[in-house]
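Subject: Structure for you to look at

Hello,

Here is the structure I said I would pass on. My notes on it follow below.

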Amino acid sequence: MRKLLLLLSFMTWSLSAAPSLDYQVQNLQGELVSLTEFKGKVVYLDFWASWCGPCRKSFPWMNAMHQKYQQQGLAIVAINLDEDKVLAEKFLTKLPADFHIRLDPEADVASKFDLQGMPSSYIFNRQGELVQTHLGFFEEKSAGYENEIVELLKE
Amino acid sequence: MQLKNRSNISKALAIASCSLLGHSAQASANTEKPDDWKVDAAIMYYGEEDRVQAVEAIGNVQKAFGDESLLDMKLVVDSLTGASASGAVAQSETQTFTRPSGNGQYETASGETPLDDTFHDTRVQASANWAETLSPVWKTNVGVNGSKEFDYFSLGLNGGVERSFNKDNTTLALSGAYTFDAIDPVGGRPVAFSSMALRADYDTEEEYRAAFDMTRMAGSEDKKTMDMMLSVTQVLSRRWLFQANYGLSSVSGYMTDPYKILSQVDDTGTTQSYLYENRPDSRLKHSFYMMTKGALDAGVIDFSYRYTTDDWDLNSHTLETHYRYYFSGRFYGQVHLRYYQQQAANFYRPFLMAGDPLPEYASADYRIGDMTTYTLGLKFGQRLSGGHEMSYRLEYYQQNPENSGFDLVGQLQDHDLFPEVKAIIAQVSYSF
Amino acid sequence: MSRTIISIAIAVSLSACSSLGVEPWEKDQLARADMALDSEKLDLALDDHIYFSKEGSSGGRSLAGGGCGCN
């Protein structure tokens, strides 16, 4: 009985790896880089894909946020989950991004974050702690998202 | 799939906003930026060989309000002309029938299936539906629809809720509708099983009129329908999804077709009189539907099966498939096949025997008799610039009514009482 | 002991049910416009209308809606 409980708790513990910045992703040149390079800033991590409709809407907004708050220490990092890099590049030619683009084609990091849907965004404070998670992108809620960022930038 | 998915129930975030059931997945790679408006229009021609012809035009407009609300509006106009089988049987003699209004009559040549060509009707139908995303896992919709034609009026309300589970891999939907129909037949609704008054049987117009009026009842009739559907949609794999629906429908009110009759024949199969049909005033129907749809590299394929059963003992099986193939990124061809088989309603009979007592209900409408139908269709679609799409569809639809076990007496054996009905469907659609 | 077995059995079967499906980032094919269940909705509506008028049964795919005097 006790062995069973130990086994179950071990399984759940090892599999529920929490979202954090301690992961490596690819940059557009295909090199492995760590997300820890953004520590010290307020990080808005967004998982997107070329085929995702709401992602199309979120890009202009993320560009606007980058424009407004980059100086104050906001780092927007959009992690692409397309299996084929070409699809991401096509998307970016139509919707260019001023913010950071990273790639996670095998969805390793996405699995560790245990994404519940697309797109998903994770906001980390300057200490690198996860403070907010958003599922989907809704125009109506974007003002609310912005407020969260502003609050964290004040710290 | 690993157990890890279970561990985050406590976080209570359970969906993808790229939802399963249709609305927001506008991920076509050709659109420059997402558009709030989506318009679909189509015009269709339906033509049966020697019988009914119809033209139908549909316009559908969808407007998104933000990312959580969607308004869907539809307008349909259709126009019907031509003749349809009245239910009377073919005879070796010429037959004369009185028109539903009582004004005038029409003849059927010997050996021909009696067809009533009185109907030239235009119908207008409008509907509006509002869909709302309430939360990451709940969606709801509500709608209203109405239609009007010369002798018919319909008004309905519908609503539904959807709940998604397991990262939007599973969606459960429950919907219901209530519809009220009012029928005001041309000439007034006929008295059930009354005998058709024929001008030739009377000396004067007044006597004929009096007899005709005896077969009529004043006022309109109505019919109320309550529908409910439970639906489960499940993602099977990266490319395949599946849906299963259970539907329950309860109809009460006037379901008799006021324009259909039955021939009452003697032992030699010769018609003695024509009686107006009579159907039950309630019907409880069940439907079971399953479908699967697959995303192929250069196309799409779907298969579906539906079984229906009701308390009229009309059971049916439907098998259907669509296979689309993309010849290029912009041009596709699609094949449509449908097989339908139905078992006659328990009160269906192709004719009545003059000597026998009248049953409680009877109808000779081949559309509720034993029947097998086949559809073969071909569609071509072209994606134009700016996300516009144009398509053309041509289908062949054949209905094969069958004798569900009635003995054909006398001269009835010399005629085809269950003729095939062949129809062509042609349609052009445009969406942007 | 039996209670443990039952609770494990339930957990395993629930997770088996929940394991049917794909991860959110694997929905590229299903997100295609032609994979939506209501793609070609006009065709389906026109078809439903034809078969509702010419056959004895209706519905199944969606609520049998819209009355008309043709049946």
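Two residues are in contact here if their C-beta atoms, placed from the backbone, lie within 7 Å.

Before going on, the conventions. This is a predicted model, in which local features need pLDDT of at least 70 and side-chain atom pairs count only at pLDDT 80 or more, while totals for chains, interfaces and linings use all residues. Residues are numbered from 1 along each chain as its sequence is written, and chains are lettered from A and ligands numbered from 1 in the order in which they are written.

Chain A: core and sheet

Ile79(A) also belongs to the largest nonpolar core, which has 46 residues; Val43(A), Ala49(A), Ile76(A), Val77(A), Ile79(A) and Ala110(A) are the members that touch the most others. At least two residues of this core come from each of strand 3 (42-48), helix 2 (53-69), strand 4 (74-80), helix 4 (108-113) and strand 6 (120-124) of chain A. A nonpolar core means a set of buried Ala, Val, Leu, Ile, Met, Phe, Trp, Tyr and Cys residues joined through C-beta atoms within 7 Å. A residue is buried if 20 or more other C-beta atoms lie within 10 Å of its own, exposed if 12 or fewer, and partly exposed in between. Helices (H or I, at least four residues) and strands (E, at least two) are DSSP runs, numbered from the N terminus.

Seven of the seven residues of strand 4 of chain A are buried, so this strand is largely enclosed by the rest of the structure. One side carries Leu74(A), Ile76(A), Ala78(A) and Asn80(A), the other Ala75(A), Val77(A) and Ile79(A), and both faces are covered. In a regular strand the side chains alternate between the two faces of the sheet.

Strand 4 of chain A has a parallel partner in strand 3 of chain A, with seven bridges joining them; two strands pair if DSSP finds at least two bridges between them. In strand 4 of chain A, Ala75(A) is the residue opposite Val43(A). Strand 5 (residues 100-103) of chain A also pairs with strand 4 of chain A in the parallel sense, over four bridges, and there Ile101(A) stands opposite Ala78(A). The chain passes from strand 4 of chain A to strand 5 of chain A through helix 3 (residues 85-94) of chain A in a right-handed β-α-β crossover. Strand 3, helix 2 and strand 4 of chain A likewise make a right-handed β-α-β unit. Right-handed means that, with the strands pointing away from the viewer, the path from the first strand over the helix to the second runs clockwise.

Chain C and its contacts

Chain C has two helices and zero strands, and 55% of its 71 residues count as buried. With chain B, 38 residues of chain C are in contact with 72 residues of chain B. Helix 2 (41-54) of chain C is one of the elements giving two or more residues to that side, and helix 2 of chain C gives the most, with six residues. By class, this side of chain C has 16 nonpolar, 13 polar and nine charged residues. Ala, Val, Leu, Ile, Met, Phe, Trp, Tyr, Cys and Pro count as nonpolar, Asp, Glu, Lys and Arg as charged, and the others, Gly among them, as polar.

Ten of the 14 residues of helix 2 of chain C are buried, so this helix too is largely enclosed by the rest of the structure. Among the buried ones are Leu42(C), Ala45(C), Leu46(C) and Ile50(C). Their cover includes strand 1 (37-48), strand 2 (53-65), strand 24 (389-402) and strand 25 (421-431) of chain B.

The contact between chain C and chain A takes seven residues from chain C and twelve residues from chain A.

Backbone points to check

The peptide bond from Met118(A) to Pro119(A) is cis, with omega near -10°; Pro119(A) is in the loop between helix 4 and strand 6 of chain A. Phe193(B), not a glycine, has a positive phi of about 60° and is partly exposed, with 18 other C-beta atoms within 10 Å. Asp313(B), also not a glycine, has a positive phi of about 65° and counts as exposed, with 12 C-beta neighbours inside 10 Å.

Regards
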